[in-house]
Amino acid sequence: MKPYEIILLAGILGLSPYTFADSNSNKKPGVEPVTNKLYLEECGACHFAYQPGLLPERSWRKMFSSLDDHFGDNAELDSRAHDELLNYVVSESADKSSRKRSRKISKSLSSKDVPLRITEDGYLKKEHRELSKKMVEGNPKVGSLSRCEACHTRAAEGLYSERYISIPGYGRWEDD
Ligand code: HEC
Ligand code: HEC
């Protein structure tokens, strides 16, 4: 097909160039998916293996400096694993990533903020402000906002856009 024929066809089907751009950007991971096997094993043992692109470098450095007291749990690693995983999270941290959501997370934080939780500061806190307690803490199938994968059905692929959100007991999220 020639370019003008595609435009013509899109016109007949009622599709605007915006439709294409929008659906493409929603299908691209907003955050770089985790590829490091050791990370998936060690940091996915107790909870969802949060993508490094969800926090800035300074947050990861702080978290890795006290893994023996990690939110009340001991998540200590041997020194080889510690170094490998610290390198990994730093190199893929929000401030180093060009992925869309990582950029937004990075930009929303002042350089003095060193959040250890992903959803407590900046952009992600704002994104979740419309959720009620009943949908999260009071929802037996969710329990906490930390359980990204409970609502973001393709979280493991770094896909957080609205088309892949379904809240247990509530269904698909329609923003209006
Ligand atoms: C022994 C279990 C355990 C292991 C292993 C573990 N964590 Fe955690 N992690 C926790 C607990 C418990 C919390 C707090 C969860 C809560 O309050 O809902 C947590 C919370 C987090 C949070 C904050 C999530 C939020 O609420 O925004 C991050 C980020 C995190 N862990 C990263 C890691 C990384 C990186 C590793 C690997 C080095 C790791 N965790 C290994 C138990 C663990
Ligand atoms: C209780 C369900 C639930 C949990 C748990 C949850 N989210 Fe969300 N998230 C949502 C909903 C609903 C929206 C859309 C909010 C809106 O549009 O007003 C959203 C929006 C987002 C967005 C913005 C997407 C966009 O296209 O604008 C990102 C990124 C995101 N969440 C990441 C996370 C991460 C990372 C976690 C885990 C630390 C998490 N979420 C946990 C329900 C949840």
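Tutor: First, a convention for the lining described below. Ala, Val, Leu, Ile, Met, Phe, Trp, Tyr, Cys and Pro count as nonpolar; Asp, Glu, Lys and Arg count as charged; the others, Gly among them, count as polar. Keep in mind that this model is predicted.

Student: What pattern does the chain follow along the sequence?

Tutor: The chain has 8 helices and 2 strands. In sequence order the pattern is α-α-α-α-α-α-α-α-β-β.

Student: How many residues are in the chain, and what percentage are buried?

Tutor: The chain has 176 residues, and 36% of them are buried. Buried here means under 20% relative accessible area.

Student: Now the cavities. How does one look for them?

Tutor: Rolling a probe the size of a water molecule over the atoms shows where empty space is left. In this structure the search finds 1 cavity of 30 Å³ or more. The largest cavity holds about 60 Å³ of space.

Student: Which residues lie nearest the centre of the largest cavity?

Tutor: They are L54, I105, L109, I118 and D121, from a lining of 13 residues. α7 gives the most, with 3 residues.

Student: How does the lining of the largest cavity divide into nonpolar, polar and charged residues?

Tutor: Apply the opening convention. The lining has 9 nonpolar, 2 polar and 2 charged residues.

Student: Next, the core. What is the general idea?

Tutor: In soluble globular proteins, nonpolar side chains tend to be buried together. In this model, the largest nonpolar core has 30 residues. Y39, L54 and F64 touch the most other members. Four helices, α3, α4, α5 and α7, each supply at least two residues of this core. α5 gives the most, with 6 residues.

Student: What does the salt bridge between E32 and R99 tie together?

Tutor: The closest N and O atoms of E32 and R99 are 2.8 Å apart. E32 lies in the loop between α2 (17-27) and α3 (37-42), and R99 in the loop between α5 (79-91) and α6 (100-108), so the pair ties together parts that are 67 residues apart in sequence. E32 is partly exposed, at 29% relative accessibility. R99 is partly exposed too, at 22%.

Student: How many residues apart are E57 and R61 in helix α4?

Tutor: E57 and R61 are 4 residues apart in α4 (residues 57-64), so about one helical turn separates them. Their side chains meet in a salt bridge, 2.8 Å from N to O. R61 is partly exposed, at 43% relative accessibility.

Student: What is the N and O distance between E120 and R117?

Tutor: The closest N and O atoms of this salt bridge are 3.8 Å apart. E120 is partly exposed, with 48% relative accessible area. R117 is also partly exposed, at 35%. As for networks, salt bridges with shared partners join E57, R61 and K96 into one.

Student: How many disulfides are there?

Tutor: The count comes to 0 disulfides. The rule asks for a pair of cysteine sulfur atoms within 2.5 Å.

Student: Are C43 and C46 buried or exposed?

Tutor: C43 counts as buried, at 16% relative accessibility. C46 counts as exposed, at 69%.

Student: One last site. How far apart are the C-alpha atoms of N26 and Y164?

Tutor: The separation is 9.1 Å, although N26 and Y164 are 138 residues apart along the chain. N26 is found in helix α2. N26 is buried, at 17% relative accessibility.

How values were computed. Residues numbered from 1 in each chain as written. Chains lettered and ligands numbered in written order. Predicted model: local features only at pLDDT ≥ 70, side-chain atom pairs only at ≥ 80, totals over all residues. Heavy atoms only, no water. Salt bridge = Lys/Arg side-chain N within 4 Å of Asp/Glu carboxyl O. Buried < 20%, exposed > 50% of the residue type's maximum accessible area, 1.4 Å probe, protein only. 1 Å grid on protein atoms, 1.4 Å probe; cavity = no way out; pocket = protein on both sides within 12 Å on 5 of 7 lines; lining within 4 Å. Points joined across faces, edges and corners; volume = space filled by probe spheres on them. Core = buried A, V, L, I, M, F, W, Y, C linked by side-chain atoms within 4.5 Å.
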